[in-house]
Amino acid sequence: MLILILAYFGGILTIASPCILPVLPFVFARSDQSFLKSGLPLLAGMALTFTLVATLAAVGGGWVVQANQYGRWVALVLMAFFGVTLLFPHIGDRVMRPLVSAGNKVSEAATSSKKSPIGTSFLLGIATGLLWAPCAGPILGLVLTGAALQGANVGSSLLLLTYAAGAVTSLMLALLIGGKVFTAMKRSLGAGEWIRRGIGAAMLIGVVAIALGLDTGLLTRLSNQTTSGIEQKLVDKLGLSRTGSQSPTAADENGTPVLSDLGPMPSLDGAVQWLNSPPLTPQALKGKVVLIDFWTYSCINCLRALPYVKAWADKYRSEGLVVIGVHAPEFAFERNVNNVIQESKKLGIDYPIAIDNNYSIWRAFNNQYWPAHYFIDAKGEIRYEHFGEGEYPQSERVIQQLLKEAGAKNVNTSISQVQAKGVEQAAGQDSDISPETYLGYMRSQHFASDNKVTDAPADFTISDPLDLNEWGLQGNWTVGDEKITLNKPNGRITYRFHARDLHLVLGPQEQGKQIRFKVTLDGKEPGEMHGSDISASGEGVVTDQRLYQLIRRPDAGGEHSFTIEFLDAGVNAYAFTFG
């Protein structure tokens, strides 16, 4: 219920955001009509179309995104035609008769003070909904992420429809007020023709803004400056965070966590593929102690927990422990099974992996975090769970206790001593390091470049020195929803950070292409502070879609300026993580 309330009020805040401006001319085109026969169908068409497109985008693949883009261009053409007929009615005389008829009907429906067909307004609302769908802020990003994790079901659609209903509430008030204003103007000034032309001009301006990407680019960024603070406070207040946190665990005098009965192990059905094993079921695992590890291969928190999980799998396999890694992707490239196969081999994972691309197992466990560990006894009951990194000795004692309960003899009760290297090395002890930072506009923060254009190639610069945790771009980039893409060689990303380690999730835009890059730390070669994926001179190559460790300092002291310059075009960058 709380998430529905948040989604509704998040939608209401949309009207305060400049990113909705290109849509308003299409709404106000109906503002001087009968509300029930004109305004309400328009808003209903907008809300339903937005809900459908956003639901498909949240749970579908790349073809849905492409279909939505085609739909946007069709809608833009339709809106441009409407705007031209409103602004220059005589142009309709030069168009073929069917188009003249259609244009005149829409023009009359959009501007006449007489009753207009409900169907026309509803269709106009559908087209407007296609243009509105990409208008996003922090709350819509949260809603879409939740919908993706919940899958294609009634709950996901209800969540998105609630967000749409909140936005429609604001637009409804604007439409009602706008209708009264326009009607008063027509009565007092007799300026109906000029009002109609003004609406037509506004519609054409809106079409141009959307075609240039301003609805999801500059205006979205302006929106973030004005409304995202309010939205983010709502998110924070309701405690809706993607970061796992573990409550203090009750333990006995030996430090062994007190186990609970948390219900039966859910089904493992829904995996699109299994690696290192045939498909496993709870029934087939009865008599075994099971550890379920939810992970994804570009997640630094998952990678730092992985050495412990691998150590437990090796140490207790003969005692009856079965470790199952459930790979639930965060980024689109992690849905590629070949990528998971390649990276799991590099990481030395030999236990079963369930590829959970549809989040079926994720939903069955009602999971929320990467990484998440669920400990299941020989009877198939969940007895303990742990979210995030840390508390590895406690988790290992849980395994030992469950093995003893299952009848295992001579269980090794020592605690594994793990010496991880590279990206798998444990994080430093500092708690105030720079936060995980996404580069795509859907979840980005602290973006400091002068240009804010998104979804279209643009030149970016940084005019002012960066403050702590700010980042910026130089060169020609396309900023997308979950990643940024370099269009021309010698593009740069700069970040002002405070941490021991700096990682960046990268990948080539084209499979098999290699992208050369060079890293500097405080304007110099990193030397001994280079990460495992670059040389001491700061040189490296992007070959795969994964997390790259670029900086490894002796400690987290001070603030430092990091710059990575890509010598070749065609790199995708997703997120910074620190340790």
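Five of the seven residues of strand β11 (residues 491-497) are buried, so this strand is largely enclosed by the rest of the structure. Here, buried means under 20% relative accessible area, exposed means over 50%, and partly exposed lies in between (1.4 Å probe, protein chains only). The model is predicted: local features need pLDDT of at least 70, side-chain atom pairs count only at pLDDT 80 or more, and totals for chains, interfaces and linings use all residues. Residues are numbered from 1 along each chain as its sequence is written, and side-chain values use heavy atoms, with hydrogens and water left out.

**The chain as a whole**

- The chain contains 14 helices and 17 strands; these are DSSP runs numbered from the N terminus, with helices (H or I) of at least four residues and strands (E) of at least two.
- Of the 579 residues in the chain, 52% are buried.
- The accessible surface of the chain is about 25300 Å², and carbon and sulfur atoms account for 57% of this surface; accessible areas come from the Shrake-Rupley method with a 1.4 Å probe, and for residues only the protein chains shown count as cover.
- Among contacts (heavy atoms within 4.5 Å) between residues at least 6 apart in sequence, 77% join residues at least 24 apart.

**Strand β11 and its partners**

- Strand β9 (residues 471-479) is joined to β11 by four bridges, and the two run antiparallel; strands pair if DSSP finds at least two bridges between them.
- Seven bridges connect β11 with strand β16 (residues 560-566), also in an antiparallel arrangement.
- Threonine 494 of β11 stands opposite glycine 472, and its bridge partner in β16 is threonine 563.

- Strand β12 (residues 501-508) is mostly covered, with eight of its eight residues buried.
- Asp501, His503, Val505 and Gly507 point one way from β12, while Leu502, Leu504, Leu506 and Pro508 point the other way.
- Six bridges join β12 to strand β15 (residues 546-552), and the two run antiparallel; within this pairing, leucine 506 has arginine 546 as its bridge partner.
- Seven bridges join β12 to strand β17 (residues 571-578), again antiparallel, and leucine 502 is partnered there by phenylalanine 578.

**Helix α11**

- Helix α11 (residues 300-316) has 17 residues and reaches 25 Å from its first C-alpha to its last, close to the 24 Å expected at 1.5 Å a residue; the expected span is 1.5 Å times one less than the number of residues.
- The helix bends by about 35 degrees at leucine 306, and proline 307 follows within four residues; the bend at a residue is the angle between axes fitted to the seven residues ending there and the seven starting there.
- In α11, 13 of the 17 residues are buried, so the helix is largely enclosed by the rest of the structure.

**Backbone features in loops**

- Most residues other than glycine have a negative phi, and most peptide bonds are trans.
- A cis peptide bond, with omega about -15 degrees, joins tryptophan 370 and proline 371; proline 371 lies in the loop between α13 (360-364) and β5 (372-376).
- Glutamate 391 has a positive phi near 55 degrees and is located in the loop between β6 (382-387) and α14 (392-405). Glutamate 391 is partly exposed, with a relative accessible area of 27%.
- Asparagine 469 has a positive phi of about 75 degrees and sits in the loop between β8 (458-460) and β9. Asparagine 469 is buried, at a relative accessible area of 18%.
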